[in-house]
Amino acid sequence: MEDHVQETGPAAEPDDEQRWAELADLVLIISREVQFRGYADERAVPLSPSEGMVMRHLQHDHAAPPSRIATATGLQRTNLSTVLRGLEQKGLIERRADPGDGRGVTVHTTDHGRTNYALVRREWATAVSTAAGHDATHLDAALALLTSVESGLAASRPRTRATRPAPES
């Protein structure tokens with residue numbers, strides 16, 4: 001791959017646009033490859049992409065009302081309700097009455113949900129590390145860049161569904 005000079009001004013050069021598009025392509029391809037391979041450990045409970053987003057969110061927001069989960073994940077409330085039902089049936093979450101407002105509920109991960117999340121993260125780590133030949137030379141830079149991209153995309157997410165999301169493939 002040829003070296004490129006990093007653009008520092010407000011407008012990216014056309015070459016940078018192509019590199020950003022390549023990054024987006026690679027992220028989507030890697031995500032699909034990780035999902036495609038499944039899990040070696042029989043105890044792992046496979047999740048849909050939407051279920052995975054909810055479980056990921058609940059690792060940091062341990063007692064979240066559905067409205068906060070919907071906002072954080074970008075899921076519509078009607079879709080979130082279906083996802084939460086599926087996660088409950090799998091024993092990964094539970095809904096409890098909100099102690100501050102008996103009319104509402106909060107969503108919590110179960111012990112099984114926390115164990116499953118840790119298990120699948122270990123499998124993801126093994127798969128990705130192996131694919132990279134265990135070369136962690138640029139890992140911190142990649143993590144910093146991808147964290148910045150994720151934060152920026154989440155912050156600039158449209159608040160309504162006026163635009164159609166890209167279909168899951």
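Arg114 counts as partly exposed, at 35% relative accessibility, and its side chain meets that of Asp111 in a salt bridge (2.3 Å, N to O). In this predicted model, a search of the whole structure finds 7 salt bridges. The chain has 169 residues, of which buried residues make up 23%, and its secondary structure comes to 6 helices and 2 strands.

**Salt bridges**

- Arg114 and Asp111 both lie in helix α5; because they are 3 residues apart there, about one helical turn separates them.
- Asp111 is exposed, with a relative accessible area of 58%, whereas Arg114 is partly exposed.
- A salt bridge also joins the side chains of Lys90 and Glu51, at 2.8 Å from N to O.
- This pair links distant parts of the chain, as Lys90 sits in the loop between α4 and β1 (93-98) and Glu51 sits in helix α2, 39 residues apart.
- Glu51 is buried because its relative accessible area of 9% falls under the 20% cut-off.
- Lys90, the partner of Glu51, is partly exposed, with a relative accessible area of 32%.
- Glu94 and Arg96 form another side-chain salt bridge, with an N to O distance of 2.5 Å.
- Glu94 is partly exposed at a relative accessible area of 32%, and Arg96 is partly exposed at 39%.

**Overall organisation**

- Read from the N terminus, the elements of the chain run α-α-α-α-β-β-α-α.
- Among contacts in the chain with a separation of 6 or more, 52% are between residues 24 or more positions apart.
- The chain exposes about 12,200 Å², and carbon and sulfur atoms supply 56% of this area.

**Nonpolar core**

- The largest nonpolar core holds 16 residues, and those touching the most other members are Val54, Leu58, Ile69, Leu80, Leu87 and Ile93.
- Two or more residues of this core come from each of the elements α2 (49-58), α3 (66-73) and α4 (77-89).
- Helix α4 gives the most to this core, with 4 residues.
- Once its neighbours within four places in sequence are left aside, Leu58 is in contact with Ala64, Ile69, Ile93, Val107 and Thr109.

**Nonpolar surface patch**

- Leu26, Ile29 and Ile30 form a nonpolar patch on the surface, and together they have about 270 Å² of accessible area.
- Ile30 is found in helix α1, which covers residues 14-37.
- With a relative accessible area of 49%, Ile30 is partly exposed; the class of exposed residues requires a value over 50%.

**Backbone at His134**

- His134 has a phi near 60 degrees, a positive value in a residue other than glycine.
- Most residues other than glycine have a negative phi.
- The position of His134 is in the loop between α5 (111-131) and α6 (139-155).
- His134 is exposed because its relative accessible area of 58% is over the 50% cut-off.

Note on methods:
Residues are numbered from 1 along each chain as its sequence is written. This is a predicted model: local features need pLDDT of at least 70, side-chain atom pairs count only at pLDDT 80 or more; totals for chains, interfaces and linings use all residues. Side-chain values use heavy atoms; hydrogens and water are left out. Patches are made of residues with over 30% relative accessible area and no salt bridge: like charges are joined within 9 Å, nonpolar side chains (Val, Leu, Ile, Met, Phe, Trp, Tyr) within 5 Å. Accessible areas come from the Shrake-Rupley method with a 1.4 Å probe; for residues, only the protein chains shown count as cover. A salt bridge is a side-chain nitrogen of Lys or Arg within 4 Å of a carboxyl oxygen of Asp or Glu. Buried means under 20% relative accessible area, exposed over 50%, partly exposed in between (1.4 Å probe, protein chains only). A nonpolar core is a set of buried Ala, Val, Leu, Ile, Met, Phe, Trp, Tyr and Cys residues joined through side-chain atoms within 4.5 Å. Contact means heavy atoms within 4.5 Å.
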